[in-house]
Amino acid sequence: MTRWLLFCNDLLRLDDNALLSLPATRDVALLVCILPAAEFRKQRASSRRLQQQLGLLYQFQQRLANLGIPLLLRHGKPATVLRQLCAQYQIDRIAAAEPTAIDEYRWGTDLPMQYLDLNSLLADELRPDLATLPRSFTAFRQQREPQLNVRPPQHQPVAVSQLNGILDVATAIALSDLPAMLAAPPVTVAPALAAQLNAGIMDWQAQTETAALARFEQYLQQHLSHYKLSRNALIGTDFASFLSIPLSKGTLSVRLVWQLILQYEHKFGQSESSYWLRFELLWREYFRHLQRKHPLACFRHQGLGLHLVPGQPGVAGEGFERWCRGETGLPFIDANMRLLAQTGWMSNRGRQNVASYLMFQLGCDWRLGAAWFEQQLLDYDVASNWGNWAYIAGALYSAPRSFNALKQALEYDQAAAFTSLLLGKADDGQHRHQPYEQPGWPAPQAWTWQQYLQQLQQLPEH
């Protein structure tokens, strides 16, 4: 008989969760989730992100309890907690979802770990060889297309009797030591803004397995057809799939998502929109394997050292502080940063622009921005967040990518509806996208903006 510890962080679901069916008939198992103390300290996670994680953990514990399965919820340093539990319950083997970040691999150092890659599209025999992983996403995509095989999600029966062989439900709940949920949400937003936010941003309960799956199935039926056209929007309830939160928390299986898209295409035919949604899932996949291949590059200023990276290592200063607060003086940037501060979310188009602005206009270390996003984002995922920042900075294989923020504002928010929603109307009669000065901080300038500043003079006030 093997005594298993099933470490199910980032696997807060029943579907396509091989850990729950891993123990053999004569084995027993202890199911555990650990809230990492270091990851969720205030410098690395906002109270909003903490409350979201706590809510999902407590909900998963209760859902399992209703099935007669105990889930132990612990808070602390994962490496320490795992060792304590192994000694206390005489554990023989630990099974966990394979991580991407080097810190998470270190949790299992000198422990009898068995990793299962349960949060990637391409696992097992389909997994890319890291030694020959292409140097660009395009090459990675072309290597896999047009016949991209993804293993279907595994719908195996849950080993209920084995999972309650070490603790019972009542004991597991009594021994759990997570912080308490707050009685009220940490941040509220104005009704006009809340009306344009997807439900999953404001309510963690919309990100549980059942709710996230129902919401995505509804999205497929009602909104996928316009994804190619709407995906670059800045705000709205259904312009994108909003899969990033449930995928980052493990409440939804990426392989199940892929399968549902294929089913949609089989029924309605493949379209540019359905292809582009799968295209975005491939980006997520590429960053997961890239971080495994280069575990430190995504956290170094120069990364792989192949390009001249913008900004100075370690440089923050007033520019960075203003960027975090949304007070840079460029309305499009400030609106996106205030949206992040108020909601814990930002569109993909916004993320690219604010990242570029921090590096190229403010000259700050890109890692400071990545760390701020880590603290704020409800959909924080270590590979996607740090990989995207390193990609824009030129710290990986590709050269740095600079975005003209004023050009982008006029292209994606010409009527300034988004910017005005977050910042209000301009008081001085200027166009809402017009750069503005503040006490002790001049209006931002860039020679690449000149023709777009002229365009502002020809547009009606907003």
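Me: How much space lies in the second largest pocket?

Reply: About 870 Å³ lies there, a volume being the space filled by probe spheres set on grid points that are joined across faces, edges and corners. The model is a predicted one, in which local features need pLDDT of at least 70 and side-chain atom pairs count only at pLDDT 80 or more, while totals for chains, interfaces and linings use all residues. Residues are numbered from 1 along each chain as its sequence is written, and side-chain values use heavy atoms, with hydrogens and water left out.

Me: What makes a residue part of the lining of the second largest pocket?

Reply: On a 1 Å grid over the protein atoms alone, a pocket is an open set of points where a 1.4 Å probe fits, with protein on both sides within 12 Å along at least five of seven lines; a lining residue has an atom within 4 Å of a point. The second largest pocket is lined by 44 residues, and D10, E39, E104, W107 and V382 lie nearest its centre. Helix α3 gives the largest share of this lining, five residues.

Me: How is the lining of the second largest pocket divided by class?

Reply: It has 24 nonpolar, six polar and 14 charged residues. Ala, Val, Leu, Ile, Met, Phe, Trp, Tyr, Cys and Pro count as nonpolar, Asp, Glu, Lys and Arg as charged, and the others, Gly among them, as polar.

Me: Which residues lie nearest the centre of the largest pocket?

Reply: They are E280, W283, N348, R351 and N388, out of 40 lining residues. The volume of the largest pocket is about 1200 Å³, and the largest share of its lining, eight residues, comes from α13.

Me: How do you know that the length of α13 agrees with its number of residues?

Reply: Helices (H or I, at least four residues) and strands (E, at least two) are DSSP runs, numbered from the N terminus. The expected span is 1.5 Å times one less than the number of residues. For the 22 residues of α13 this should be 32 Å, and the end C-alpha atoms are 31 Å apart, which agrees.

Me: Why is H289 called buried?

Reply: Buried means under 20% relative accessible area, exposed over 50%, and partly exposed in between (1.4 Å probe, protein chains only). H289 has 0%, and is therefore buried. This residue lies in α13, where 17 of the 22 residues are buried.

Me: Why is the pair R292 and E98 called a salt bridge?

Reply: A salt bridge is a side-chain nitrogen of Lys or Arg within 4 Å of a carboxyl oxygen of Asp or Glu. The N to O distance between R292 and E98 is 4.0 Å, and the pair counts as a salt bridge. R292 lies in α13 and E98 in the loop between β4 and α3, so the pair ties together parts that are 194 residues apart in sequence. Both residues are buried, and they belong to a network of salt bridges that also links D117 and R127.

Me: What makes R325 partly exposed?

Reply: Its relative accessibility is 42%, so R325 counts as partly exposed. E327, at 25%, is partly exposed too. These two residues form a salt bridge, with the closest N and O atoms 3.0 Å apart.
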